[in-house]
Amino acid sequence: LVLCTLGNGKTVIPRVKWAQNKDLLFISVMVRDLKADTVSVQLDSESDLRFSAQGKAGDENVLRLPLRDEVKQESLKWEIAARPDKWGTATFITLGKGHAHRWDLLTSSKKFKGLIDKDWTREDQNLEPTEEMVLFDDAETVLRLNEKNFNKTIAAHSCLVVAARYPWCSECKSTDQIFLKASAAAKAK
């Protein structure tokens, strides 16, 4: 849930820009006519960022952003920009990622559509998307489950063994060969 204010006690959601490298997130939250002494930045959990600040006209800018993935709570750092841009004065927030990999989105919540932009000046342009399940691509004994085929696949099989994994997870990758052998053995029976 995000709530922001526009002047005289109204709450508004501020504009956000974000970028990343493999280990860090860079988030800029812009507030028009920012009163610097009112800025508050917190992590309510490993994946919930909270920002609040007032503008000089009394507007309350509040951002409650559910992050796409986990971050390291102790890594939170922030500072206020020396000068404003077209959306207002930026509060620069830096967060360490819980798992070092490329994020495709800052948040999966659709509530922020139109309020979050990519900050291409800070983005690591060499950060490649993680390949998903390359090892399983040619495996005849492995089915890929997704939203579209999940219910149909469950209904068609009396028993399924599911390898739920993140493509960037080294522990997940280390069990892929074991999973392939188990799926071949199960299919042979």
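**Ground rules.** I note that this is a predicted model, in which local features need pLDDT of at least 70 and side-chain atom pairs count only at pLDDT 80 or more, while totals for chains, interfaces and linings use all residues. Residues are numbered from 1 along each chain as its sequence is written, and side-chain values use heavy atoms, with hydrogens and water left out.

**Overall content.** I found 2 helices and 9 strands in the protein, taking helices (H or I, at least four residues) and strands (E, at least two) as DSSP runs numbered from the N terminus. Along the sequence I read the pattern β-β-β-β-β-β-β-β-β-α-α. Of the 189 residues, 35% are buried, where buried means under 20% relative accessible area, exposed over 50%, and partly exposed in between (1.4 Å probe, protein chains only). I also looked at contacts (heavy atoms within 4.5 Å): among those between residues at least 6 apart in sequence, 62% join residues at least 24 apart.

**Strand β3 and its partners.** I counted 8 bridges between β3 and strand β8 (residues 89–97), and these two run antiparallel; strands are taken to pair if DSSP finds at least two bridges between them. On β2 (residues 15–20) I found 6 bridges to β3, again in an antiparallel arrangement, with Q20 standing opposite L25 in β3. The two strands β2 and β3 form a hairpin with 3 residues between them. I recorded β3 (residues 24–31) as mostly covered, since 7 of its 8 residues are buried.

**The open sheet.** I traced 4 strands in the order β1-β6-β5-β4, forming an open sheet with mixed pairing. Its edge strands are β1 (11–12) and β4 (34–45), each of which pairs on one side only. Within this sheet, β5 (residues 48–55) and β6 (residues 60–66) run antiparallel and are joined by 7 bridges, and I noted N61 in β6 as the bridge partner of A53.

**Surface.** The accessible surface comes to about 12,100 Å², of which 50% belongs to carbon and sulfur atoms, with areas from the Shrake-Rupley method and a 1.4 Å probe; for residues, only the protein chains shown count as cover. Where does F150 sit? I placed F150 in helix α1 (residues 150–156), and F150 counts as partly exposed because its relative accessibility is 40%.
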